[in-house]
Every structure is written in C-alpha cells, then in structure tokens.
Amino acid sequence: MAILILGHKSPDTDSVTAAIALAELQRELGVDAVPCRQGELNPETALVLEKFGFPVPQLTTDVTDKQYMLVDHSDIKQAPDNWDKGELLAVVDHHKIGDITTSKPIVFFALPVGCTGTVLYKMYIDLYKKPIAPKVAGLMLSAILSDTVLFKSATCTPDDKAVAEALAKIAGVDDMMAWGMEMAKAKSSVEGVAPKDLIHRDYKDFNMSGKTVGIGQLELISLDLITKDMKCALLDEMKKMKVDGNRHSVFLMLTDIMKEGTELLAVTDDPAVVEKAFSEKLDGNTVWLPGVMSRKKQMVPPLERAFAG
Ligand SMILES: [Mn+2]
C-alpha cells in the first residue's frame, strides 16, 4: 500500500508542493508514495502546479490504517483526522515541533528556515544525494518564493535565498522575482470569493494556554483589494467561526506585501491580548501592525506570550 504524504489543512503552496516533492524523493528511493492535499488549492498553488505540469494531488483528510508522512507541520490541529489511527513514518518541516507523538522512531527532518522547500533541497542533495528533476525544482522554488514572500518575510534565511537560486537554475527559471510577482498576483485574487473561503485560504487553529485561537492570513499586493464591504463581511464570518468553533479568538491578517505590514482583523473575547501582544490598541475590530508579515514569527509568538499571562 502506498504511503500517503500530507501537508497541513487549508493547504498553501508549500504544503502541496512539499508533499509532491517528498513523494518524488521517496520514488527515487524506491518507496511508493502518493502526495495528498487536505483541502482546496488556493489560486497561487493552482498556478504553480499548472506552470510546472503537475496534476492536482488527491484530496485526503483521514489516515486511518494508513502509513503516512507529514510535511510543513507537526501540530495535531493541522494534521489529518485520525492521525493516531495510522502509522506516521516521517516529518519534514520548518516550524516549531508540534504536539504529534509516535510510539516508534521515525524520520524527523526539520530546519529553522523559511520554507519546507529549503529543507527538502537539503534532504535531496545532502542526506540522500539524489538529483532533483527540473519540474520538481520549479515546485520547490515556487514554495520558497511563496513562504518567504519574495524573501521579504522575517522567516527568510540566507539558506532560503541560496537554495532558491540553485533551484531556479535547475528548473530553468531565468527571472525568479518576475515569477514570484506573478504568483503574488494570483495569490491576491479575492474578487468573487466567498468570505469564508478567503479566511480559510490560509488558516490555522492554535492552542494557546488551553484556548483555541484561529489565525488566517491573506497576502495581498495591495490592501485596497479589500473593500469596506468585504471587510464587514469577513468580520461577520469570523464572528460566526468564533461561536461555531468555540474559539476564544479569530484573527485575520491582511498582509500588504508591498507596504510590508499587516492590517489585523480581530474578533476576540479579550481585546486586551492584542494590545498586550503588539503594544497597539484595536480600533473597533482592526489595527495596523507595521513590519508584521509572518504569522509564524511575528504573530503566533507574541500572542502565545500574551495568552500565557
Ligand atoms: Mn511552509
């Protein structure tokens, strides 16, 4: 039976392309593996798969009685359903260690870099010494451009940049910044998309001191793409999600990748946590956070500290 490889729920480009690239690497190693996705593709990921000629991975959200590997996460809240009723064989990641545990030793390969694509490059080249096919390199390059927001994110490391340049050569992408802008434009498309789908395009639930906190993020080439009416509709949907999911807070980061900052929309039981975390006061349900672009590095840690006391 083929091993399933899955990224996190509300998949982004990194989660989808890392599943494909790790499946390709497994095949190089003589292991039968199938890349999966745990949700709908965002428009950026769809563009990336089309450009490099890959089919859309199968939709799988349950790993009961399956052998599987995880990429781009190790948190239960983002993992497939019944993660404990299947057998986890490997984790390849670039986040903090999550709360998934195993009863047997596994492959666990993680680095504090900006993208799973960068970690996979090191696995291919340094660990397993396998060549990367040009179209797989294209996927990994795209993931790095996406996760590091064209190398502007606080999560970006010199390794990400060096690996992206190496991958661009393998993939035959002459102008990676131009390709990155094309991807960013696709990612920014919001017109005609239901508020719920916009929030879930890149959404994660976190456990902060025992409270469920949801944080979505939209990366936009301009905040003007979100009209006043859309903002109201997004807040209404967030209020619904807060009640339905028994969440303490639901946040939505509207990140302007050109201005390099985030307008944070907040629906919360305790507005003081926002002030405590960012030293900025909410104006109604919103606050501008200059320089904040990364959920992982600039949103989650200060919020966790604020929730902890
Ligand atoms: Mn990632």
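**Exercise 1. Work out which strands helix H1 lies across, and how H1 runs relative to E1.**

Solution. Start with the helix: H1 covers residues 13-28 and lies across E1, E2, strand E4 (67-71) and strand E5 (87-93). Its direction is at about 160° to E1. Here helices (H or I, at least four residues) and strands (E, at least two) are DSSP runs, numbered from the N terminus. Axes are lines fitted to C-alpha atoms, for helices over the stretch in contact, and angles run from 0 to 180 degrees between N-to-C directions. Next take helix H3 (residues 116-127), which packs on the sheet and touches E4, E5 and E6, its direction making about 105° with that of E5. Contact between two residues needs their C-beta atoms, placed from the backbone, to lie within 7 Å.

Before going on, keep in mind that this is a predicted model: local features need pLDDT of at least 70, side-chain atom pairs count only at pLDDT 80 or more, and totals for chains, interfaces and linings use all residues. Residues are numbered from 1 along each chain as its sequence is written.

**Exercise 2. Find the strand order of the open sheet of six strands, and its edge strands.**

Solution. Reading across, you get E3-E2-E1-E4-E5-E6, with parallel pairing. Pairing calls for at least two bridges found by DSSP between the two strands. Strand E3 (58-59) and strand E6 (107-110) each pair on one side only, which makes them the edges. Now zoom in on one pair: E1 (residues 3-9) and E2 (residues 33-38) run parallel, joined by five bridges. Leu-6 has Cys-36 in E2 as its bridge partner.

**Exercise 3. Describe how H1 and H2 pack, and say which residues make the contact.**

Solution. Geometry comes first: H1 and helix H2 (residues 43-52) pack at about 30°, and their axes are 9 Å apart. Then the residues: Thr-13, Val-16 and Thr-17 come from H1, while H2 brings Glu-44, Thr-45 and Val-48.

**Exercise 4. Trace the pairing from E9 through E10 to E11.**

Solution. E9 (residues 249-256) and E10 (residues 261-268) run antiparallel, with eight bridges joining them. They form a hairpin with four residues between them, and Glu-260 in the turn has a positive phi of about 55°. Leu-254 is bridged to Glu-263 in E10. Moving on, E10 also pairs with strand E11 (residues 286-290), antiparallel, over five bridges. There, Glu-263 has Trp-288 of E11 as its bridge partner.
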